[in-house]
Amino acid sequence: MIEVDELTKVYRVPKKTPGLWGSLRAVFRRRYDEVRAVDGVSFRIDAGERVGFLGPNGAGKTTTLKMLAGLLVPTSGNVKVAGFVPSERRAAYLSRITLVMGQKQQLLWDLPPTETFELNRAVFGIDRATFRKTLDELVGLLEIGSLLDRPVRNLSLGERMKCELAAALLHRPEVLFLDEPTIGLDVTMQAVVRRFIARWNEQTGATVLLTSHYMADIAALCARVVVVSQGRVSYDGALDELVRRYAPDRRVIVQSTREPTAEELQEAAPFRLREGALEALVPSREVKDVVDRALRTLPVRDLTIEEPRLEDVIARLFEDSVAPVEREAKEPSA
Amino acid sequence: MAQMRASWMLALQYRAGFVGEAFGAIFWIGWGVLPLIAVFERRPEVAGWTADEALIVVGFFAALQGIVEGFIDPNLRAVVELVRQGTLDFVLLKPVDAQLLVSFHRSTPTKLPHVVTGLALAGWASSRLPDPPGVLEVAAALLLLLCATSILYGLYTMVVSTAFWFVRVDNLSYLLLSILDTGRWPLSFYRGAVRFVLTFVVPIGLMTTYPALALRGQMDAPGIVRVLAVAVAFFVASRLVWRIAIRRYASASS
């Protein structure tokens, strides 16, 4: 469904020396920096798959999504989605896809969501019967029946996001590009959106490519992940495998009967105080030793061994592949 | 167009604004007529134009100004904002012509009274001419006014397309609006370089003066065809510039 080959996007970002004099000079003579936001990315996604697109800020996730959606013209490389070249922006292509951005909204601010829906109905040329049916379905799944007639500006962020999703799916696209659809939402609302995306994917068989900073989103929705950093793919495969490969560790957590002394802590070695408990991240083969030592030296009340958290895994993955200094200016600010 | 519908709904939500604009239109047009009254009090004609004839130009000017301020300027100025904030994404994601969509997406129907009042003024003034225009002259005038709209639209689109390179170009649209102001008086009121610029470079003068000339029966067929050609050229050029510009769109990061 989605084929990406050696995709590259280079932005030219105006370079400005700081201060008034620098600004003045930039008016007459602009100098540009070349920023390789996406640098030779390749992957394939089958129809109906749900794939998580991971990477630190500025890794090139959004730029890639925008090229897939036909908003940006690639500097080089090939993209094919549903048999179309996105950057040609053919009507037949655009009515097969959708792009939802958690940071931007298409809903008309001063009017109720129904007006945006009606607008999209006209723009996408959806006949009224199909429109009615799809809308009913979306309203049911997202539970937005009571919001439809309130001006968008009076809706909460979560309510707005749900309406935003509805507006983006009215034309029943085959491919969903979701760029941080849960950003800023509270935990309950995140779960609602997540559940909705899963149900919609199952009901319509649409292909989903999703980016998110919330690992819970990825864990709940995507069996497969593509990790990009510095504009390149650094991992492509099963999420489980990623966790295994980058996190051979276990978390050993100790609840103590009293505050351990500094000496005791030192003897028990890798334990640190974290959220009121003592915690150690240890490679699997050392777990036994560490537990033995803890039982000997610490005032243990309870001891548990857990899988590492996905956040920790990802953080470690990024640390491995990313030099943090160059991260900042990956995507242009305008 | 559904876009238009949404704009109308927005406008009608603020009904008080609509009525206010209507009164405002009459006031501003009246204000614009004052200098004419002052001038024509002392002499029967200026540069070959009688008071009624000059009034036709003022009427057409008001109508055109209403069209620009209500239907061209707000739409294209909003494009600048769309580019700056990256929300043009949503326009480009729709399976319809993006230029068409942005050209209608934020009209201000409250300027409609302006257009109507202007046309009414031109109509009233032309009925007072010693030789009132016939159907053919009226048709020619309306056609020329349509051409004027197309030229203005083309100009605006080209200026706004530069937003894809320079991002902030709102000020350019103010410049255009103030140049448009020169179309208030018949072209022959101006001389020399100014007249040349207003005829050939930024053909504002031609937009309001020619329709008035048509009503006076002073536009011949070749003249009309020439204006028509200019209008088509501006429109085609605007589409080309827009096409090139859209490929430069860099969106805004999120």
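**Helices and sheets, question by question**

Q: Which residues of helix α11(B) are buried?
A: They are B:I204, B:G205, B:L206, B:M207, B:T208, B:T209, B:P211, B:A212, B:L213, B:A214 and B:L215. This is a predicted model, in which local features need pLDDT of at least 70 and side-chain atom pairs count only at pLDDT 80 or more, while totals for chains, interfaces and linings use all residues. Residues are numbered from 1 along each chain as its sequence is written, chains are lettered from A and ligands numbered from 1 in the order written, and side-chain values use heavy atoms, without hydrogens or water.

Q: What makes α11 (residues 204–215) of chain B "mostly covered"?
A: Buried means under 20% relative accessible area (over 50% is exposed, in between is partly exposed; 1.4 Å probe, protein chains only). In α11(B), 11 of the 12 residues pass that test, hence the label. Just after α11(B), B:G217 has a positive phi of about 75°.

Q: Why are helices α7 (residues 135–161) and α12 (residues 221–248) of chain B called roughly parallel?
A: Their packing angle is about 25°, with the axes 8 Å apart. Angles under 35 degrees count as roughly parallel, over 145 as roughly antiparallel, 65 to 115 as roughly perpendicular and the rest as oblique. So α7(B) is roughly parallel to α12(B).

Q: What is the make-up of the contact of α7(B) with α12(B)?
A: Contact means heavy atoms within 4.5 Å. B:L144, B:Y153 and B:M158 are among the residues that α7(B) brings, and α12(B) supplies residues including B:F234, B:V241 and B:W242. The tally is 19 nonpolar, 5 polar and no charged. Here Ala, Val, Leu, Ile, Met, Phe, Trp, Tyr, Cys and Pro count as nonpolar, Asp, Glu, Lys and Arg as charged, and the others, Gly among them, as polar.

Q: How do you know that β3 (residues 50–54) and β8 (residues 224–229) of chain A pair?
A: Two strands pair if DSSP finds at least two bridges between them. β3(A) and β8(A) are joined by 4 bridges and run parallel, so they qualify.

Q: Why are β5 (97–101) and β9 (232–238) of chain A called edge strands?
A: The open sheet of 6 strands has the order β5-β6-β7-β3-β8-β9 (chain A), with mixed pairing. β5(A) and β9(A) each pair on one side only.

Q: How many bridges does β10 (residues 249–256) of chain A make with β12 (residues 277–283) of chain A?
A: There are 6 bridges, in the antiparallel sense. A:I253 stands opposite A:E279 in β12(A).

Methods. Helix = DSSP H or I, 4+ residues; strand = E, 2+ residues; numbered from the N terminus. Axes fitted to C-alpha atoms, helices over the stretch in contact; angles between N-to-C directions.
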